[in-house]
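Which side-chain contacts link parts of a chain?

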Amino acid sequence: MQDPMGMPHDLVEHDRVEHYLIMAGKAMAVSGGVLFIALIIMSLVSIIGRKLGFGSVNGDIELMQAGTAVAATAFLPYCTLLGEHIKVDFFTENMRDSLKRPIDGIAELLLGGVSVLLAWRTVLSAISTYESQEVTTLVSLPLWIPTALLVPGIVLMAVCAFYRAYASFHPTKKLPGAHK
């Protein structure tokens with residue numbers, strides 16, 4: 001049974017692969033959190049500066065949009081390892097584990113496949129914006145940079161989803177996040 005919503009989750013390592021996936025997922029999530037904190041500070045400086053008459057941070061909205069996308073993507077691998085993506089498990093929640101695991105495995109395979117497709121298209125988008133030298137309006141931030149920074153999170157999410165699929169199809173293997 002799943003933990004009640006709001007309870008803290010902890011990943012338990014079952015093998016060396018999980019160890020490295022958990023470490024990479026946590027590192028990406030922490031980097032996303034640090035980026036969000038930096039964006040909040042920038043936004044506060046901009047708002048307070050505007051209210052006090054000092055002016056706002058130039059291009060704050062552009063930087064917020066780009067940074068938020070990168071930071072949010074950094075959380076995806078860890079969410080995947082926890083198995084906490086939005087999914088409809090209404091029908092499978094009370095199923096026997098022997099029935100539920102293969103269904104969850106198929107869902108993880110689909111997530112991994114979509115992640116690979118998304119990573120591929122994001123790489124192509126980064127290349128396209130690099131070649132066209134597209135930049136933001138106010139601060140002239142090259143758009144290929146934040147676009148390319150989305151790729152590592154998406155690729156790691158795919159790896160984590162495929163690993164969870166592998167664990168789902170092997171009944172002797174515990175799923176990442178399951179306690180020993």
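There are 2 salt bridges in this predicted structure. A salt bridge here means a side-chain nitrogen of Lys or Arg within 4 Å of a carboxyl oxygen of Asp or Glu. The table lists the pairs.

| Aspartate 60 | Arginine 50 | 3.2 Å |

Take the pair of aspartate 60 and arginine 50. Aspartate 60 sits in helix α2 (residues 60-82) and arginine 50 in helix α1 (residues 16-52), so this pair ties together parts 10 residues apart in sequence. Helices are DSSP runs (H or I, at least four residues), numbered from the N terminus. Aspartate 60 is buried, at 13% relative accessible area. Arginine 50 is partly exposed, at 47%. Buried means under 20% relative accessible area, exposed over 50%, and partly exposed in between (1.4 Å probe, protein chains only).

Glutamate 108 belongs to helix α3 (residues 97-131) and arginine 164 to helix α4 (residues 144-169), so the pair ties together parts that are 56 residues apart in sequence. Both glutamate 108 and arginine 164 are buried.

What about disulfides? A disulfide is a pair of cysteine sulfur atoms within 2.5 Å. The count is 0 disulfides. Cysteine 79 is partly exposed, with 29% relative accessibility. Cysteine 160 is buried, with 0% relative accessible area.

Residues are numbered from 1 along each chain as its sequence is written, and side-chain values use heavy atoms, without hydrogens and water. In this predicted model, local features need pLDDT of at least 70, and side-chain atom pairs count only at pLDDT 80 or more, while totals for chains, interfaces and linings use all residues.

Definitions and conventions
Helix = DSSP H or I, 4+ residues; strand = E, 2+ residues; numbered from the N terminus.
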